[in-house]
Amino acid sequence: MSLFLFKRLATLIGTLIGASVIVFLVLEILPGNAAQMLMGPDASPDAVAALAAKLGLDQPAWTRYWHWIGGLLTGNLGDSYAYSSPVIDLILERLALTVPLALLAMAFTVVIALLVGVTAAARHNKLGDVGLMGMAQVGIAIPNFWFAIMLILVFSVQLQWFSAGGFEGWGEGIFAGLKSLLLPALSLAVVQAAILARITRSAVLEVMREDFVRTARAKGVSQRMVLWTHVLRNAMIPVITVMGMQFSELLAGTIVVENVFYLPGLGRLIFQAISNRDLIVVRNCVMLLAALVVIVNFVVDVLYAVIDPRIKASDI
Amino acid sequence: MSSTVVAPSAAALKVPGFWRRALHHRSFVIGGVLTLLLLLAAAVSLVWTPWSPYEMDMANKLKPPTGSHWLGTDTYGRDVASLLLVGARASILVGVIAVGIGLVVGTALGLLAAAKRGWVEEAIMRLTDFSLAFPAILSAIMMTAVFGAGIVNAIVAIGIYNIPTFARITRASANAIWSREYIAAARACGKGSFSITMQHVLPNISAVLIVQITIRFAIAILAEAALSYLGLGTQPPQPSWGRMLSEAQTMMFQSPLLAVFPGMAIAMAVLGLNLLGDGLRDLLDPRLARAR
Amino acid sequence: MPLLQVKDLHIELQTQRGPAEAVRGIDFTLERGETLGIVGESGCGKSITVMSLMGLLPSNAKVTGSIRFDDTELVGRDEKDMCQIRGNRIGMIFQEPMTALNPVHTIVRQVGEPLRLHRGLSKAEARKEVLALLERVGIPDAASRLDAYPHQFSGGQRQRIGIAMALACGPDLLIADEPTTALDVTIQKQILELIQSLVQERGMALILISHDLGVIAQTVSKMLVMYGGSVVESGPTEAVFARRAHPYTQGLFAARPALGAPRGVRLATIRGSVPELVDLPKGCPFAGRCSYTIDACQTTRPPATMLPQDHAVRCIRLEEIATKVAVAS
């Protein structure tokens, strides 16, 4: 197991380094003079030069890169150009909203997808299967921000159960905070749940065709128990792969959904920073997102080994 | 757990009765109809729309559906139905070019990786891995923000994101073809990698690519809508379904229907393409071709 | 009263080309402790027959006739009752040991499952019984391997585990569907001997399916020869082996490769191939492939002719064939 973990960790670190290089290249090198971009085309050359010096842009790329990496590891991410405050504080503040949002959305996704997927597989080729899968197809096609707007229309405008946006903050208590995150989490979850439900269904159907299912039934295990105790765990392997990828889709989705609900989260920060051309914030936030994605993939890999005892042995 | 996914094969197209089966396949038919509607909307908009989508009429703004404005009017009095028709053009344009970029470049890379193997393949695969570590919408937003908003940059951003996906899929399918015996036979006859790729590999993976094209087209439409919603995609006055949604959101309390129609249009287009892709995947299943 | 009595069993399956009869009127009985073998080519209906005993056919299969197990009717029994019979009163072993076990459950969990299900044993109690079972079926070092996973065992060992699972609750009937086909020849012998000793020890009835006549000869006292969903010949193993009355049976015996045959001798085969279920002739299923076919064979189902020792054969040209064979030898 430890060799397995070690290999995975090495891949994790390697990918993080690679990602950081790409982020740096795209944001620092490609657009040319970053200071020029920040100030716009009609700024005076002196002002641009001054800003360039302030941002350390006069140093060679290598130095800047190491400076940044060093900063990442020590927690000093520099100051935001637009907000004139330390980037690290900004990010932490926003994470306090986005991480619970993403987790809540993931929870919704998993619960809905498993229920729908397993039920559809159990009613294979009957009306329930076709109906549920039809709904899943529609779910995949719906843009998550449109679903968000529809939710607001129904639950805020018509029924007035929820506010149309904004975040109470955790100061008012956990329940109030979760209430403001409910509709956003649902909007994020619906598309991912639809995708995951289809995958769950086909994974379950494939496992049901395996020999050991017949053996279990020959032992007198009922069809329903076979599904939940024998089939599900075997079907989870492809399902968990997809779940890992979906977490990154969820995080990305927060960029749009937080805008719909005016939530002061990481996604909204990224978007505003990009609009403000606040490159330091953008660079660090993107790196953070990429890191979260890579870490989630790592967790998924480890989960494989937990679920499937054959994987530890073969040690890819 | 081994995954026995059977790749679609263009051989199934040549089996007699393909169109008969196709017209009986539920997903294919519904998907085909919706996709045709999309194409039709865009085509029709080139010659006629009920009103001009650019014409503002403040006296008649925010009207619900009536006899003269079939789907109502928006904040500036523009006819929603006309906006939807013309907006279809933006969606299709983005879809075609973005998928085209991904298809051409990505497939080339994938074929190269499968043909050369070794470090070339490794390098290409590592690159695609890194690119795929970034969620699509994020890459698109970064690129449009850095290089400027607008439909051209949006197309490029989305297109670039399609490259790693097509590269991976092409490589996987091409590898499967390369390991087949008739390839070894062709090699033994002295054929070079390039001609083998062009004459044998590419035709055999064409079905996989066709299915992917429909799926990526749908994703491109969603991505364009998201970018336009954020203001980074199609710019005014060019109509775009995504931007219609963001304008509608500000008027939610006064005119709730405004937000419904553009979203429905997007959903129907995406649904149509997805169903079409699903249907094609089933119909091009080589198992059915062999069963005859 | 016999343990198992099957009368006029018909099973209709849905195939790609429409419904087809996979089993066409089978009768047999099995007493407690008796051993029965079923021989035939792939697709003759042997597996379908035993799956119907277990009630494990696909939901669109139609079963008519009677299966009386211990004087209760199994045909049309509801699923809940069947669940109580499977793994409890009737145990089954399958052909492919490599895929028959759930890869993500431990051995002790899988073998203990019927015990906990049917006899309500606790985890600890089940664990003890499982250990005893595994030792009985010959798993070396069983005590330390209870929490191991299937992939850590060889094919032969997995089959032993399968046997342990099937016997856990002490069933009256054990069904073994080609239990040794997928195993090495040396392991085959061991597994067969294991099954035999267990069957004798516990007084179980055994139905053994095989396409290998040698296995049948060694293991069972009665046998059925099946073709195209019908039983063409049945009776005590010795009698069937000695007389080989039905042309199909003769073909099967002739097709065995013989050690010590001179070089260049072609292997004998039965001419033609097994038709698809929907294409089987209305009368005798072997009509057309059989070298003694006459017109009547195609239209009417042959009635059973009884030979001494309860030996039944379904062929209308029985006497002529017997004479010809006697003359030839």
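Helices (H or I, at least four residues) and strands (E, at least two) are DSSP runs, numbered from the N terminus. Two strands pair if DSSP finds at least two bridges between them. This is a predicted model, in which local features need pLDDT of at least 70, side-chain atom pairs count only at pLDDT 80 or more, and totals for chains, interfaces and linings use all residues. Residues are numbered from 1 along each chain as its sequence is written, and chains are lettered from A and ligands numbered from 1 in the order in which they are written.

Select residues 4-15 and 18-30 of chain C, strands 1 and 2. These strands form a hairpin with 2 residues between them; they run antiparallel and are joined by 10 bridges. C:Gln5 has C:Thr29 as its bridge partner in strand 2.

Next, show chains A and B. In contact (C-beta atoms, placed from the backbone, within 7 Å) are 30 residues of chain B and 40 residues of chain A. On the chain B side, helix 11 (257-283) is among the elements giving two or more residues, and helix 11 gives the most, 8 residues. This side has 26 nonpolar residues (Ala, Val, Leu, Ile, Met, Phe, Trp, Tyr, Cys and Pro), 4 polar and no charged (Asp, Glu, Lys and Arg), the others, Gly among them, counting as polar.

Finally, show chains A and C, where 20 residues of chain A and 23 residues of chain C take part in the contact. On the chain A side, select helix 9 (211-218), helix 10 (223-260) and helix 13 (309-314). Helix 9 of chain A has the largest share, 7 residues. The chain A side holds 7 nonpolar, 5 polar and 8 charged residues.

Terms used:
Contact = placed C-beta atoms within 7 Å.
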